[in-house]
Structures are given as structure tokens and as C-alpha cells.
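Here is a short briefing to read with the sequence and the 3D view open side by side. Take a moment to look the structure over, then work through the points below.

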Amino acid sequence: MRLFRSSDPIESYKRLRATGRELVPKILKATRDSGHDMLKAARKITLPVQGRTLIFDDETDQNALMDFFIHEFRAGGRRVVDCCDPEAMGLSPDERDLLEAHRHARASLFAVESVDGRNAQLRLRDLLEPQAPEVMLSDLSMSSIPEAAGELLIYTRVLACQGIEMGAGSFFGFSARHRDRLLEAHAARMESVTPGERSERTFIFFYQRHRDFGEAQAYA
């Protein structure tokens, strides 16, 4: 993977974010014959489905399904991102780097430790893997909310691309007062889950908890 350095990391983030929005449709088109069924993925995360119609409450549901479908849902033991051929897809260098970032992205529940509005970053501490390095997440929207520090937990998937850490496009916000409740319930749920299923089941757990008592989200 190429390491990109820029004198303006915010502009680099914006460029990669725009590239990412264009990459997702290309991923879906390239893998439409891979055996992955989005309706089955929707049912797996307990999103309401009537016949072949998906029922979304809001944009969070749409983003959650796309994140789950691309990164977690498996057909024949493979995820959608594992079925992409960069050569056949004719990807640009930035798109190739982002695809590789999607393949290695990790999702977890993070505490927002601090907010740096000037550099559009949030410093995140991993609550599910306390020994993991802190994340400096670039996000123009969330970094404009200074009160998030110490008050907000977010479950998100972190892409590390060209020296920039950013979200994969989906996140679930929780009030920090639910920290112990979430961690205890998650630990109990994972007791009978095999290592190979843990990532998928963790995503489903936090998506369902967000539908129960998560924070309302706005999108810009």
C-alpha cells in the first residue's frame, strides 16, 4: 500500500472520502455474481424486510446494511471485499489503496477522548481491545462537536489509507453513560460465539443496541 503524505491532510481526507463514495458502487457492480444476497444480509442484522422490499427507518439503517454487506456478510466463506479484482475493475491508485483499506479495516466500540476541530480529528480509544493503539479519526462532521469528548461512544469501522484514518461510512453513537451496560452485554453475548463469527456478531449486536437506545444521528 502506498503511503500518501500531504501538506493539507484535510484536503487529502476529502479527496479519499469522495473517492470512497465512487468506489462502493464499483464494488457492488463487480461482485453482483459473487453469490452475496443483500436481502439475506438485511435479515441477518434483523432489518425489516417485506417480500423483496427493504424497510429503512433512516440513513443509519441504509449505511449499516451497506457496511455489513460489504465487510461482514459471507457467501462461500468470502466477504464482498474479498471478491474484488482491482485489475478487472480498472481501479485508480487511490481506489486500489481504499479497497485494500476496506479489506483490512477493523470495527470496534470507541470512546471519544478528545476533539480537534482545527484538524478535523477525533482521538478514539478502543473499548473492546484496550491494548490497541489509539485512533486519530478524520471526520469533518463529528469533529465539529467538541462536547463529544468524554460524552460519546461510537461503534465504527476504521479505514487506514495513505496515512489517514477515517470511518468506512457507518457509525452508531451511544451516550457514554451506557458504557458499562454495553460492554457487559457484549461480553455475555460473545461467550458462545466462535472466533470466526465474532466480528459479524459484534456488528449485529451494536446495530441492534443502537436501534434500542442509540443516539440520533444527523448526516451532512
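Predicted model: local features only at pLDDT ≥ 70, side-chain atom pairs only at ≥ 80, totals over all residues.

Residues are numbered from 1 along each chain as its sequence is written, and side-chain values use heavy atoms, with hydrogens and water left out.

**The barrel**

- Five strands close into a barrel, and their order is E5-E6-E7-E9-E8, with mixed pairing; two strands count as paired if DSSP finds at least two bridges between them.
- On average, neighbouring strands of this sheet are turned by 55 degrees against each other, with direction ignored. Such angles are taken between axes, which are lines fitted to C-alpha atoms (for helices, over the stretch in contact), and they run from 0 to 180 degrees between N-to-C directions.
- As a reminder, strands of a sheet pair through backbone hydrogen bonds, in either a parallel or an antiparallel way.
- Strand E6 (residues 121-126) and strand E7 (residues 135-138) are antiparallel and share four bridges. If you want a spot to look at, Leu124 stands opposite Val135 in E7.
- On its other pairing, E7 runs parallel to strand E9 (residues 164-175), and two bridges join them. Here Leu137 stands opposite Glu165 in E9, and Ser138 has Met166 in E9 as its bridge partner.

**Helices across the strands**

- Helix H1 (residues 9-30) lies across E7, E8 and E9, and runs at about 80 degrees to E9.
- Helix H3 (residues 59-71) lies across E8 and E9, at about 130 degrees to E9.

**Two loop residues with positive phi**

- Most residues other than glycine have a negative phi.
- Ala120 has a positive phi, near 55 degrees, and sits in the loop between strand E5 (106-116) and E6. With a relative accessible area of 4%, Ala120 is buried; here buried means under 20% relative accessible area, exposed over 50%, and partly exposed in between, using a 1.4 Å probe and protein chains only.
- Gln162 also has a positive phi near 55 degrees, and its place is the loop between strand E8 (152-161) and E9. Gln162 counts as buried too, at 2% relative accessibility.

**Arg79 and its surroundings**

- Arg79 belongs to strand E4 (residues 78-79) and is buried, at 12% relative accessibility.
- The Arg79 side chain reaches the backbone oxygen of Arg103 at 3.0 Å.
- Beyond its neighbours within four places in sequence, Arg79 touches several residues, including His36, Phe73, His102 and Arg103; contact means heavy atoms within 4.5 Å.

**Salt bridges**

- A salt bridge here is a side-chain nitrogen of Lys or Arg within 4 Å of a carboxyl oxygen of Asp or Glu, and the count comes to 16.
- Asp67 and Arg157 form one of these, at 2.7 Å from N to O. The pair links distant parts of the chain, as Asp67 is in helix H3 and Arg157 in strand E8, 90 residues apart. Asp67 is buried at 5%, and Arg157 is buried at 3%.
- Arg123 and Glu134 form another, with the closest N and O atoms 2.9 Å apart. Arg123 lies in strand E6 and Glu134 in the loop between E6 and E7, so the bridge ties together parts 11 residues apart in sequence. Both are partly exposed: Arg123 has 27% relative accessibility and Glu134 has 41%.
- Arg209 and Asp212 meet at 3.1 Å, N to O, and both lie in helix H7 (residues 195-213), three residues apart, or about one turn of the helix. Arg209 is buried at 16%, whereas Asp212 is exposed at 53%.
- Asp57, Asp61 and Arg211 are linked in a network of salt bridges.

Note on methods:
Polar contact = N/O pair within 3.5 Å; in protein donor to acceptor, adjacent residues only side chain to side chain.
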